[in-house]
Amino acid sequence: MKTYLLYEIANSCAGSTKLILKLIDSLPKEDNTGIKFQAYKYNEIALNDYEWYKVYQDTYINPQNWKKIFLHAKDKGLDVWIDVFDKYSVRIIRDNLPLITGIK
């Protein structure tokens with residue numbers, strides 16, 4: 001059995017596409033490796049009076065930047081995985097399906 005390494009970005013890049021791309025560049029090149037992202041939209045996962053709503057707004061990444069991120073990850077030889085949270089997540093998956101390896 002081969003080991004599969006899956007990096008998880010989660011919210012660690014604070015919504016910065018530039019930082020995500022830099023992080024992808026810093027990962028070692030290994031076989032059987034993927035990277036998992038959390039695509040969500042603030043107003044689909046929480047109400048605006050929720051205490052973390054502002055954090056969700058600040059970490060939101062638009063569809064154009066998700067495509068850029070996925071293409072960059074694929075160019076670096078990484079599989080792309082997505083967590084599903086809301087309809088926005090489903091839209092990001094649908095719009096980038098050829099670039100997506102797995103869904104959680």
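Buried means under 20% relative accessible area, exposed over 50%, and partly exposed in between, with a 1.4 Å probe and protein chains only. Helices (H or I, at least four residues) and strands (E, at least two) are DSSP runs, numbered from the N terminus. The model is predicted: local features need pLDDT of at least 70, side-chain atom pairs count only at pLDDT 80 or more, and totals for chains, interfaces and linings use all residues. Residues are numbered from 1 along each chain as its sequence is written, and side-chain values use heavy atoms, with hydrogens and water left out.

Helix α5 (87–95) has Y88, S89, I92 and I93 as its buried residues. They are on the same side of α5, because they cover an arc of only 140° around the axis; the arc is that of the directions from the helix axis to the C-beta atoms. In general, an α-helix has 3.6 residues a turn, so residues three or four places apart point the same way. K87 and R94 are exposed, on the face of α5 turned away from its buried side. The cover over the buried residues of α5 includes α2 (42–45), α4, β3 and β4.

Helix α4 takes up residues 63–75. Its 13 residues reach 18 Å from the first C-alpha to the last, close to the 18 Å expected at 1.5 Å a residue; the expected span is 1.5 Å times one less than the number of residues. P63, W66, I69, F70 and A73 are the buried residues of α4. Seen down the axis, these fall within an arc of 115°, so they line one face of the helix. Q64 and D75 are exposed on the other side of α4. The buried residues of α4 pack against α1 (17–26), β2 (33–38), β3 (79–83) and α5, where contact means heavy atoms within 4.5 Å.

Leaving aside neighbours within four places in sequence, N96 is in contact with K67 and F70. F70 is also one of the buried residues of α4.

Another loop residue, A39, lies between β2 and α2. Its relative accessibility is 0%, so A39 counts as buried. Which residues does A39 touch, not counting those up to four places away in sequence? They are W66, D83, F85, D86, Y88, S89 and I92. W66 belongs to the buried residues of α4, while Y88, S89 and I92 belong to those of α5. The C-alpha atoms of A39 and V84 are separated by 7.2 Å, although the two are 45 residues apart along the chain.

N43 is in helix α2. With a relative accessible area of 44%, N43 is partly exposed. N43 and Y88 are 45 residues apart in sequence, and their C-alpha atoms are 9.8 Å apart in space.

On the strand side, E8 is found in β1. E8 is partly exposed, with a relative accessible area of 46%. Beyond residues up to four places away in sequence, E8 touches K36, Q38 and D83. E8 and Q38 are 30 residues apart along the chain, and their C-alpha atoms are separated by 8.7 Å.

A14, in the loop between β1 (5–8) and α1, has a positive phi of about 55° although it is not a glycine. N32, in the loop between α1 and β2, has a phi near 55°, again a positive value in a residue other than glycine. N32 has a relative accessibility of 32% and so counts as partly exposed.

How many cavities of 30 Å³ or more does the structure hold? It holds one. A cavity is a set of points, on a 1 Å grid over the protein atoms alone, where a 1.4 Å probe fits but cannot get out; lining residues have an atom within 4 Å of a point. Grid points are joined across faces, edges and corners, and a volume is the space filled by probe spheres set on the points. The largest cavity has a volume of about 90 Å³. It is lined by 14 residues, of which A10, N11, I20, T59 and I61 are the closest to its centre. The lining has nine nonpolar, five polar and no charged residues. Here Ala, Val, Leu, Ile, Met, Phe, Trp, Tyr, Cys and Pro count as nonpolar, Asp, Glu, Lys and Arg as charged, and the others, Gly among them, as polar.

Note on methods
On a 1 Å grid over the protein atoms alone, a cavity is a set of points where a 1.4 Å probe fits but cannot get out, and a pocket is an open set with protein on both sides within 12 Å along at least five of seven lines; lining residues have an atom within 4 Å of a point.
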